[in-house]
Each structure stands twice: as C-alpha cells, then as structure tokens.
Amino acid sequence: MRNVNVPRPGWVNDRVGGVDVPKAADAAAPALYPQGPKGIAATKDRRAALATPVALPPDLDQESVTHSEPEEESHGVLSQIMLGSSPALARALAARPLSAAWAPAHWLHSVLRATGAPCFLDNPFSGALILVAMAVDESCGPEGAGATLLGATCALAVAMALLGERSLALSSPGLTFNGALIGVTLGNGTALHDRAWLLAPIVVLSALSAWLSRGLSAVLARVEMPALNLAFNVLVALWLAVEASWAPGWRAPAGSYPANASTVDWAQVATSVLMAPGPVFACTSITSCCLLYVAFLVFSPMLFVVGLIGAAVGTLIGVALCPGAELASLYAGQWGYCPLLTACALGGVFFVCNVQSVVLSAAGAVTAALTYGALLRVLQPLGVPVLAWPFVLSTWMLVGNPRSSLSLTPVPLAEVTTPEEARRREQQLRALDQPPGVALQAVHAPRPSTRAGFWH
C-alpha cells in the first residue's frame, strides 16, 4: 500500500476559492474578524487534517484518482470575476504593482469593497451597485455616494501611510469600511448643500476610524470576538451627540409615511421588509433598496435569503412594539436593518449556513429588534441615534456563546468568506472523516460547473 499526500483544498495555503490570494489578505482578516490564540490553533488543526497523508486502498491506485479541474474553470470565468468575493479580480490586481498606472485601479477596488463590507458584501461589484443605489436615491443622492467614497479614501490613506498597513489596507476592507459608513451617515442627502463644513468631520472621523478599528480588533482578538462596525458606532455617536447640542433638529428622519395610531397598513409593512437595507446606506426609495438586495445576490444568494428572513422577523417585532405614532420609522425599514445584519452574521458569516444557523439567525433578528426598541427609548430623548448598536450587541451575545453547540459549525474568523464557500469547505472536511478511499474521491471529485451549488 502506497502513501500519498492528498492535495489540500483550494482554501488552504493562501488560496481562496481555488485561486491564490496575497499573504496580506490572510493578515487582513483579523482586522474585520479578529481571532485569538484558540481560533488560530483551531485553524491550524483544520489545515493539518487536510494535509495528513492518506493511504490508498488496494483497489484504488494513483492513476484511478480523478482530479478536479482548477477552480477558475469549474466555476466559470464570470463567477470568478464578478460573483462571490471576486477572487480572479483580486488575484489580477495583486499581481500589479502599486504604481502610478495601477494606483487608480487599486484604489477603486479597495473603496468599492469597503462600500459593501458593512453588510458583509466583500465584492467590488456589490459595492458599485450600492453606490448606484445611493446616487439615484432621493434622500441620499450623489452627495451621499461621494461622501462614502471620501470616507473610505481617508481611512485607506491613514491605514497605508500612518499605520504602515499598505498591503493590508488594499487587500481587506476591514480598516476602511467604517470610514465609508461615516461618510454616508454624515454626508447624505442635502446635508452638504448648506453645510459644506461637514466635509471636515467626515475626513477627520473617517481617518480616526482606521486607527480605532485596528486598536479595537487587537483588544477583541483576546476574547475571539469580531469588531464588526464598532468604530463607526463609537465615533458617529460621539459626533452626533455634540452636534445635537448646538444644532438640534436639523437631521430630521428621512421618509414620510402616514402613521395611524389605531391601524397598521400591512401593505406598508410588507414593503418595509424590502426597505430594511436602506437605513444602512441612507436610502429611502424602494428602487434603491431593491438594488441593495441585488448587491446581496451578487455576493451570495444564501446571504440574501438569510438577510431577508432577518428583515422580516425584525419588522414583525416592530409591528408588535412600535407605537402608532412611530409607524413611519417602521415603514422606512428602521426596525429591520439591524435584524438583517444580525441574521447575516449568524446565519452564514460566522457559522456555516445550515438549518441550525438559520434558526439562530432568526433568534438573533428577534434579539436585535428588541435591543433596537430598548435603545430607541433611551437614546432618542438624548438626541443620539441608535445607529447599528443593536446589531453589534446582539451579534456579540450570540457569537460569544459556546460555538460548537446546537450542531453549529463555526467559521474561523480568519477564514470568513461567502456562505457557499464555507459550506463547501465544511463538506470537504466531513469527507475527510470518512474511510480513506472515500475521502480521497470526495476531495478529488470534479466540482459542478453551474451556479446550483450556491443554493445547496
């Protein structure tokens, strides 16, 4: 009997989705999803299991093993360039120097990924769709899209110049997406028309967000918790509290819906589920919000479905808790955006997507909606918006529980990818637990060349 080394799947040894990824991408992951010593040890154990030599059974020789096609060929050129995390485009740019000729392409790729990262959409084409949705929206407008790019650019510049994270900042949105969020929150709609001075706090706070993101990630890595958009929440909450003290009332809530204290318009409630991603990017039109959902589909159909479930659950909780005088905020999607983000985090980002994780994501959506209602009562009288605090707190509460219970499979923080890719990795690992011959055939079996795998 001969011993052979089973080639490791594409996600091991600096390869994601079957294509090479720069070393900086691996180093960048902890900035957005930090992992502590235990997580690093678990990741090494997983990789060691795939690297262990496996003995071929007598009836299976080396020539009879069917090798899979390269990832680029099996999944198609289009999916490698545009869909998922766009690995082919990332690889192509990684091979290009940061010269005057290629600097604009590196910048555009980085800021577009940062635009989608608040919703876990690490895809430049998803980011481009989000910018289009913001630009055509009446409340956000081109000013909001421009402020988003400005914030992401400032965070990128600080990460590259002051923090010395040149490759890291370009390869991961972890240090820049908080700047994009700050830009759209402070500079959306007509905010900049009569208040051009708002560009100054956008630049300063976005620059600080890169510094704060790095520090918070280092601290939270000790307890193996993701930093999420904590830096954005801290900086914007402080700024808006100061702003409200000397310029109260001018940031009126966007969107006008008829509110009746005695009845609930269920047609508006159904529409508000579609409006749920809007508050993340200051969008209030149904057209823009539908474009945001298309951005979800481009990155991951699984994440789209889980997010839609979370938005529906959060909206229904809002119907039960929201007073009639505040139904306008419900119809604008305010009760759905934090449950949507929480459901995405629990249902496909930090856990492998399966029935158990979807149930957990629904529970997380309920928790986020309840937290939103509680914080709304506390912060609204102070003139401080809720922002995304319910998402951060709810995700921490549920991710911080024992992550190996309830048949949940945690995704190591340094290996977070699309839910579809996480499921494929888990299936490969489960195959290696089978008898050696079966495991070999599972690892080397040709992968399907259609998009059907994204739904199974």
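Phe120, Phe350 and Phe391 are joined into a cluster by ring pairs. The model is predicted. Six aromatic pairs are counted in it.

**Aromatic pairs**
- Phe120 and Phe350 pair edge-to-face, at 6.1 Å centre to centre and with 90 degrees between the planes.
- Phe120 sits in the loop between helix H6 (103-116) and helix H7 (124-136), and Phe350 in the loop between H17 and helix H18 (355-379), so this pair ties together parts 230 residues apart in sequence.
- Phe120 and Phe350 are both buried.
- Tyr293 and Phe296 form a tilted pair, at 6.1 Å centre to centre and with 45 degrees between the planes.
- About one helical turn separates Tyr293 and Phe296, because they are three residues apart in helix H14.
- Tyr293 and Phe296 are both buried.

**Helices H17 and H19**
- Helix H17 (residues 337-349) packs with helix H19 (residues 389-399) at an angle of about 30 degrees, and their axes are 9 Å apart.
- Angles under 35 degrees count as roughly parallel, so H17 and H19 are roughly parallel to each other.
- The crossing of H17 and H19 is right-handed.
- H17 makes the contact through residues including Leu341 and Ala345, and H19 through residues including Phe391 and Leu398.

**Ser300**
- Ser300 lies in the loop between helix H14 (286-299) and helix H15 (301-321).
- Ser300 counts as buried because its relative accessibility is 0%.
- Leaving aside residues up to four places away in sequence, Ser300 touches Pro419 and Glu420.

Technical notes: Residues are numbered from 1 along each chain as its sequence is written. This is a predicted model: local features need pLDDT of at least 70, side-chain atom pairs count only at pLDDT 80 or more; totals for chains, interfaces and linings use all residues. Side-chain values use heavy atoms; hydrogens and water are left out. Helices (H or I, at least four residues) and strands (E, at least two) are DSSP runs, numbered from the N terminus. Buried means under 20% relative accessible area, exposed over 50%, partly exposed in between (1.4 Å probe, protein chains only). Contact means heavy atoms within 4.5 Å. Axes are lines fitted to C-alpha atoms, for helices over the stretch in contact, and angles run from 0 to 180 degrees between N-to-C directions. Angles under 35 degrees count as roughly parallel, over 145 as roughly antiparallel, 65 to 115 as roughly perpendicular and the rest as oblique. A crossing is left-handed if the near helix is turned anticlockwise from the far one by less than a right angle, and right-handed if clockwise. Rings of Phe, Tyr and Trp (its six-membered ring) pair if their centres lie within 6.5 Å; planes under 30 degrees apart count as stacked, over 60 as edge-to-face and the rest as tilted.
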